[in-house]
Amino acid sequence: MPRLNDAMHRMIARLLIIHFIFHGLSGIFTGVWISDLVAPTGDMTLLAWLETILSAIAIAAGLSYGSYIALTYIPTLPKRQRGKVMAIFVAAYLMVAAMLGLASASVLASASGEVAHMEATLTAQTEATQERQRAAASLINRSSVMNDCVSSAGNMSVQEIGTGVYSGEGGNIGQVATALTNISEGCANARAAIFASRSKLERLFFRIDRLLIDTRRVIDSDMERHEKMVAVRKNGENFTRLTREVNDALPVEAVQAVADAMRKDWLAAGLPPSAAAAITHNFDGMAEELTEGIDDIAALKEEAIPTMPVVSNMAYLALYPEATIAAIAVGACIELIPLGGILLGFVMVTQKGTGGGGNLPRPSEVAPAPRRVGRPRKT
């Protein structure tokens, strides 16, 4: 080790003290992160405490020793070796700092990440409920088309039975009248299904609205964090169950079935051309009204229901960067400030130690003090 003056010794000591503080913070935050790994349920055993404490101490000591090496020994290397060694040290430090910075940020962002996770889940559940409410209203509003279908098909059937106006042939009167009666009954059954589902959907949506209100109350309450997450997840399970019931209650199949019955190929079914044309002319428009947007509603029933999945604190950093950006910045500062101190101290030591820019001599290069040569003293 080359001889350094007192000022450089004091400067290095101050830098190392700062590094010890920041590396201690890194060890503490990483210890919290490790505790989640060794005890995911939160029940810390004696072994879990031992693993966590030893890991935190090892990380803090390792980083501090690395800073000590960088500030005291790397500047003493020859110039051509010094740059390579410093580059390797900085690259390795940055890799470790990135991991520890994420660990620190995940610990700091756990509270804000949990809130953002609950808020995002509640928003998704609210939007899913509103989509199904619009779908239910759209299906219920088609009951007026069902009324027109029932009355039109019934009147046409009566006319056909009485006069044979649509078939024009007495032998086919029964077949045409039967087809019209089937259309009328199909529309009446679909209308009954819509009315039956409407009352059920009203009850389900009322329960879902109360559940969403309760979830909002839990999120805004002063409950302990773990209890709050448990309550929100429980509400999420109830929301999933109720939403499945809503999906089953949406009368998409009944509406689609009666629309398909209206659009049947009546010529292929054996009806006379005049009767087939009359039925197509009267009911194709109704079938179009019934099936408008029905595919979107059917797809809505197949969509995944929003839930609140269990994710790690690290995932919050990627899922909700707006809520965790402050924690990311603090975690980066905890790891990058010591690196800046190392680089600054490295430059100052190398500059001051050489009196303006030369290399610091290594211990082997320091010439020994010259021995005094002369006549021996007389005794």
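What follows is a short chat about a predicted model of a protein.

Colleague: New to this one. What kind of model is it?
Modeller: A predicted model. The average pLDDT of the protein is 81. At least 70 is reached by 86% of the residues.

Colleague: Where does pLDDT stay under 50?
Modeller: One stretch is residues 355–360. The model has 13 contacts there beyond four places in sequence. Another is residues 362–367. For that stretch, the model has five such contacts.

Colleague: OK, the fold. How many helices and strands?
Modeller: Twelve helices and zero strands. From the N terminus on, the order reads α-α-α-α-α-α-α-α-α-α-α-α.

Colleague: And how much of the protein is buried?
Modeller: Of its 379 residues, 40% count as buried. The protein exposes about 21,100 Å². Carbon and sulfur atoms supply 60% of that area.

Colleague: What share of the contacts joins residues 24 or more positions apart?
Modeller: 83%, counting contacts in the protein with a separation of 6 or more.

Colleague: Give me an example of two residues apart in sequence. Take A275. Where is it?
Modeller: A275 sits in helix 9, which spans residues 273–291. A275 and Y166 are 109 residues apart in sequence. In space they are 4.7 Å apart, C-alpha to C-alpha.

Colleague: Which residues does A275 touch?
Modeller: Y166, S167 and V176, not counting residues up to four places away in sequence.

Colleague: Why does A275 count as buried?
Modeller: Because its relative accessibility is 1%, and buried means under 20%.

Colleague: Next, S157. Which helix?
Modeller: Helix 5, residues 143–163.

Colleague: Is S157 buried or exposed?
Modeller: S157 is buried, because its relative accessible area is 5% and the cut-off is under 20%.

Colleague: Which residues is S157 in contact with?
Modeller: A177, L180 and T181. That leaves aside its neighbours within four places in sequence.

Colleague: What about G186? Where is its place?
Modeller: In helix 6, which runs over residues 173–220. G186 and V150 are 36 residues apart in sequence. Their C-alpha atoms are 8.3 Å apart in space.

Colleague: Why is G186 called partly exposed?
Modeller: Because its relative accessible area is 24%. Partly exposed lies between buried, under 20%, and exposed, over 50%, so G186 belongs there.

Colleague: Switching to helix packing. How are two packed helices described?
Modeller: By the angle between their axes and the distance between the axes.

Colleague: So what are the values for helix 8 and helix 10?
Modeller: The angle is about 145°. The axes are 10 Å apart. Helix 8 covers residues 252–262, and helix 10 covers residues 294–302.

Colleague: Left-handed or right-handed crossing?
Modeller: The crossing of helix 8 and helix 10 is left-handed.

Colleague: Which residues meet there?
Modeller: From helix 8, V252, E253, V255 and Q256. From helix 10, I294, I297, A298 and K301.

Colleague: How many are nonpolar, polar and charged?
Modeller: The contact of helix 8 with helix 10 has five nonpolar residues, one polar and two charged.

Key:
Residues numbered from 1 in each chain as written. Predicted model: local features only at pLDDT ≥ 70, side-chain atom pairs only at ≥ 80, totals over all residues. Heavy atoms only, no water. Helix = DSSP H or I, 4+ residues; strand = E, 2+ residues; numbered from the N terminus. Buried < 20%, exposed > 50% of the residue type's maximum accessible area, 1.4 Å probe, protein only. Contact = heavy atoms within 4.5 Å. Areas by Shrake-Rupley, 256 points an atom, 1.4 Å probe, with all protein chains shown as cover. Axes fitted to C-alpha atoms, helices over the stretch in contact; angles between N-to-C directions. Left-handed = near helix turned anticlockwise from the far one by under 90°. Nonpolar A, V, L, I, M, F, W, Y, C, P; charged D, E, K, R; others polar. pLDDT = per-residue confidence, 0-100.
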